[in-house]
Amino acid sequence: MYIVQVMTNKGTDGDLMDNVTRVYFILLDGTKKQYIGHEIAGIITDGAPKSPYADLVVATPWEEKKYGPGWHVVNIEPEPLEGTKVAGIDDAG
């Protein structure tokens with residue numbers, strides 16, 4: 001699973017989702033360009049579909065969140081394994 005950060009093209013609004021298992025772009029012709037599991041990291045390294053696209057969808061096992069064509073993925077990080085420390089975050093106890 002991944003932590004995915006999205007932002008508007010103008011940089012005026014953003015969102016951060018964890019437990020992400022897939023990300024897909026709905027292209028203008030209605031087809032999906034989908035990234036599942038380890039493929040999600042490829043959105044940053046290999047490049048996402050070029051605009052214009054109809055929608056960007058970020059999905060966890062429990063929900064799908066749809067962003068319009070004015071949004072893009074700006075950062076992707078692997079979800080830390082349970083019981084491990086994340087740099088910059090102290091344990092609460």
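**Close-up views of a predicted chain**

**View 1. The whole chain at a glance.** Of the chain's 93 residues, 28% are buried (under 20% relative accessible area, with exposed meaning over 50% and partly exposed in between; 1.4 Å probe, protein chains only). This is a predicted model, in which local features need pLDDT of at least 70 and side-chain atom pairs count only at pLDDT 80 or more, while totals for chains, interfaces and linings use all residues. Residues are numbered from 1 along each chain as its sequence is written, and side-chain values use heavy atoms, leaving out hydrogens and water. You will find 1 helix and 7 strands here, in the order β-β-β-β-α-β-β-β from the N terminus (DSSP runs, H or I of at least four residues for helices and E of at least two for strands, numbered from the N terminus).

**View 2. The largest nonpolar core.** This core (buried Ala, Val, Leu, Ile, Met, Phe, Trp, Tyr and Cys residues joined through side-chain atoms within 4.5 Å) has 17 residues, and Val-4, Val-23, Ile-40 and Leu-56 have the most contacts inside it. Strands E1 (2-8), E2 (14-20), E3 (22-26), E5 and E7 (71-78) each supply at least two of its residues.

**View 3. Around Leu-56.** Beyond its neighbours within four places in sequence, Leu-56 is in contact (heavy atoms within 4.5 Å) with residues including Val-6, Phe-25, Tyr-67 and Trp-71.

**View 4. The loop at Gly-47.** Look for Gly-47 between helix H1 (42-45) and strand E5 (55-59). Gly-47 is partly exposed, at 25% relative accessible area. Not counting residues up to four places away in sequence, Gly-47 touches Tyr-35 and Gly-42.
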